[in-house]
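Here is a short briefing to read alongside the model. Have the sequence and the 3D view open, and follow the topics in any order you like.

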Amino acid sequence: MQLLGPEQGLPSRNIRCLAQDGRGFIWVATGQELWRYDGYTFQNFTETLTRSIGGSTLINQVRTAPDGKIWVAHNNGFSVVDPVHLTCKTVDPSRKIQDPDARQNLNIFFDKDGNAWLAIPRGRLIKVSKECIPVAVYIPPANASQVISAETQVTRFFNDRQNKRYVYSAGAFLDEIDANAKFTSRVSLLSEELKNQRFAVWSLVQPEREILRIYYRQAGGNRFQMRQYSLANHTFGPLTDIDTPIAPEWVTPDQKGNVWYKSGEQIGFLNQKTGEFTDLSARLKQKSGAHTFLFTSLVSSDGSYWISCVDGLFKITLTDEIFRKYLSVPLEKPGDIGSSIRGITEDATGMIWACSYGFMAYGFPNMLHQIDPPSNRTRHMALKRPKNIPGDAVIPYKVLFSGDEVYAITDGPQFIKINPETEDYFPVKFPFISGRGFTSFYKLNAHTFWMGTWGGMTMIDTRDMKPVLLNEKAGKYIKNERINHFMPWSGNRVLVSTTNGLYVLNPDATIHEHYGQSAGDKIELPALQLFHSVWYEHALWTGSGQGLVRIDTVQKKARLFTTEDGLPDNNIYAALPDERGNLWLSTNKGLSCFDTRAQKFRNYGMLDGLPHLEFNHGSYLKSRDGTLYFGGLNGIVSFDPAQIETSTKREHELQLISYTKYASDLNRTDTVTSHLPGQEVVFEPGDRLFTFSFMSTDYHNTTLNRFRYKLEGWNDDSWHMFENGNKLLFNSLPPGEYGLCVQVSVAGADWGTYEWKTPLTVLAPWYRSIWFFALSIIALALLFYAFYRYRLSQILRIQRIRNGISADMHDEIGGTLSSISFYSQALLMQMEKTEQQQVVRKIRDNAQQVQEGLSDIIWSVKAGGDQINDVFARMLHFGGGLAESKGFTFHFETDPQLKSLKLDMQTRKNFYLIFKEAMNNAAKYAECTAVHAHIAYAAGKVKMVIRDNGKGFDHQSARQGNGLTNMRQRAAQMKGQLTIESAPGEGTVITLVF
């Protein structure tokens, strides 16, 4: 039983009405406010309602329509809330009905055809179609015995199998109406006999489709009677006393075969299988702390029973009584603590001995308890020290037996012997115990006990009661480590669980081997803080502070099971086996049943009957008859694991409550509550801190619900546990398309098969989008094209300038030089004196040389001659003319690979002038008979070789004229290499590579 109120987020405890929508959410109304509950938090939807109405209103009733929508009756008409889209539509029936009373809607009923019937003042009903259109009004007939006032209203609406409609308002009559809201007949519910005995109709309920049960209450007292009325035969059954302690105003069956009975002040249920009725009224009052009035109730889809009342919202869950409790007390809040239990032991007679921190009995705290399971009786012992022995009181930690003797270690540094008859104890004080005292107890043989402490190990022989502290003893012992558990091991050895792994001890307590995380350990363990160990199903299992560890001692491998695998908590204090392949684990968050074969967990909490969620270290026992005992912060639970059905699955739908995102570019948090199933979730590039909140429609024990997810499209497609209860958080996600899948484990059961799925897209920033790349490429292409066009226009402009310059030079300077040459020749022909002829001839020759040089310049400047073949043609023309005038042979060869090569203006000019200078030198100085010019293309370079068979020259003695110097300078301008090879009598070879 759970009472929800302001502590869980409700603004008021006065819950007037409630309903469950088609998605499984619980809706409650608190006078003027409308809230939705998801099992974790309450969310306010009042604004959605008032925005549709146009202002605030008083909510009178909330109902669920057959299509799962929520109908709200209020003083401004009625509203319909779509639970999927979370939209609201409000209708004022008075606009259609033309009746001011039609505006005040008091209650809502639905018939088998899905039509709504709205109760309004004066006992009338408005029929509303499935399209939310008021279509008819039922007006009760006038009757002298029944006064119709403004306060009169229809409180019950019934359908039979033929979909006939029956209405009841406070009084003595049941009216039948037709589909058009017309009155057809009336049945009096009060006989004359009942009237004479001053009985009045208390309530009408419909336990079956064709049966109405009428409850009567006698005036001036609490005497009730009842009888049945057959809707099929229109006959009454006999009048009898009521068959339950409660005369109900509402009767509701649940899915487990129970029928709930509720009146304004009482609540209970009838188990139809056993016929047993359980009255919960007193517990309800104890929970609320005062007398309370109950309004409406419902059975939710998971079988939970909900009640709205003036003290809040009650949720009642029925579970099978699988746990027997000892030494526990009722707790007001889940976090409260009762009697904390320490060690549990069984003696030879089957009695269970338990130590506690003080269970109140007989008016004072008792530290030791003796439980008789068959009779379910408990004896409480307040241990006392004999008066002749000084010292402080002790708190026993765990009891062990040696023959008829009873011994115990304490929570301090004392080892005691107990006399159960007198409840006296006799202490043996150890001179020094590391830490706070003892932690564990082990009977090695009939007279030797090993004890673990917070900082080492001790032993005692009961024959002489002399303690031995191994911390002070030389040898290979466990020292300065907390010891939590001893268990027998192979080879007559003992396995010890400590805060530093596992130790295998020899019978003399020396260390045989160690399992841990140090170099040289026989088996490496994933956890070191170990509380309890057990050999089961061909493996060693140990509970740790990090989860459950399975150790394969043959393969020398270990595996750790954690909350990621289904544990409710990673602190495992004990692991007790049953006979069906299960390990029962005590944790800080309840009990867990682990199927070692299927490797699945089934968890149990307080709503399953546990007295507390937190269990204690060292507080556990498997008795000889197979019963398991676990002690915690509120007593002991015991159970027979063979009687518990652990394989039952709990399948319920999974719903997204909402998702939020932080829009960093806008500096705000956006919450979406109306996400449609399967609808794509889209996040903008600047969105961060994504939070998805989920709920299961099983409200049985939401604290034990676990959720896991996988993100398809991510590098890791495995399942991962939620780290924040029912909330899934992502700090950020890289741009891309994903598929989010979520599963739920309901109330500690195995993972369900239902998966909630939605596509999820994270948009890339604009500068990383495809369209941006496309536009960038287009813009870049346009930029290159514009640059190309610009360069082309510049080249064409330069070419035009070059052509203009060459034309001007040819026309102006060339023409003038031609005139000088022509007039010089004419003058030369008219002169007779030799001296004058020499001068004029010099003028003519110089003019011709300048004209020839000018021709070369014009050729190099003029556009259109950039192809290397144009250079070759000019070389051949010049070389052939020179050879013919000087009388030597000229051989000119070119490589066909060069025919498509283009040269810039400067390179073309230098290339040609080097060739020309080499030819002129051969003609003037070499006295050769042949000149060979060969131009080839190799290794990406042009190579020109000019070879003559002349007289040659000596490099060192030869004068370096302007011609050779100019050739080298021009080669440097071409970024080429010029070499001249010559020797007297061997000709000359000039090589240019560029």
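Ser-230 touches Glu-210, Ile-211 and Thr-235, leaving aside residues up to four places away in sequence. Please keep in mind that this is a predicted model.

**Ser-230**
- Ser-230 belongs to strand S20, which covers residues 224-230.
- Its relative accessibility is 12%, so Ser-230 counts as buried, the cut-off being under 20%.

**Nonpolar cores**
- The largest nonpolar core has 37 residues, and those touching the most other members are Met-875, Phe-911, Phe-915, Met-919, Ile-935, Met-944 and Leu-992.
- Several elements each supply at least two residues of this core, among them helix H7 (868-886), helix H8 (905-925), strand S69 (930-938) and strand S70 (941-948).
- H8 gives the most to this core, with eight residues.
- Met-875 has contacts with Phe-890, Phe-892, Phe-911, Tyr-912, Phe-915, Ile-935 and Met-944, not counting residues up to four places away in sequence.
- A second, separate core of 31 residues includes Cys-17, Leu-34, Val-72 and Leu-313.

**Strand S66 and its partners**
- Strand S66 (residues 736-745) is largely enclosed by the rest of the structure, because eight of its 10 residues are buried.
- With strand S63 (residues 706-712), S66 forms an antiparallel pairing over seven bridges; here Cys-741 in S66 is the bridge partner of Lys-710.
- S66 also pairs with strand S67 (residues 756-762) in the antiparallel sense, over seven bridges, and Gly-739 stands opposite Pro-759 in S67.

How values were computed: Residues numbered from 1 in each chain as written. Predicted model: local features only at pLDDT ≥ 70, side-chain atom pairs only at ≥ 80, totals over all residues. Heavy atoms only, no water. Helix = DSSP H or I, 4+ residues; strand = E, 2+ residues; numbered from the N terminus. Buried < 20%, exposed > 50% of the residue type's maximum accessible area, 1.4 Å probe, protein only. Contact = heavy atoms within 4.5 Å. Core = buried A, V, L, I, M, F, W, Y, C linked by side-chain atoms within 4.5 Å. Pairing = 2+ DSSP bridges.
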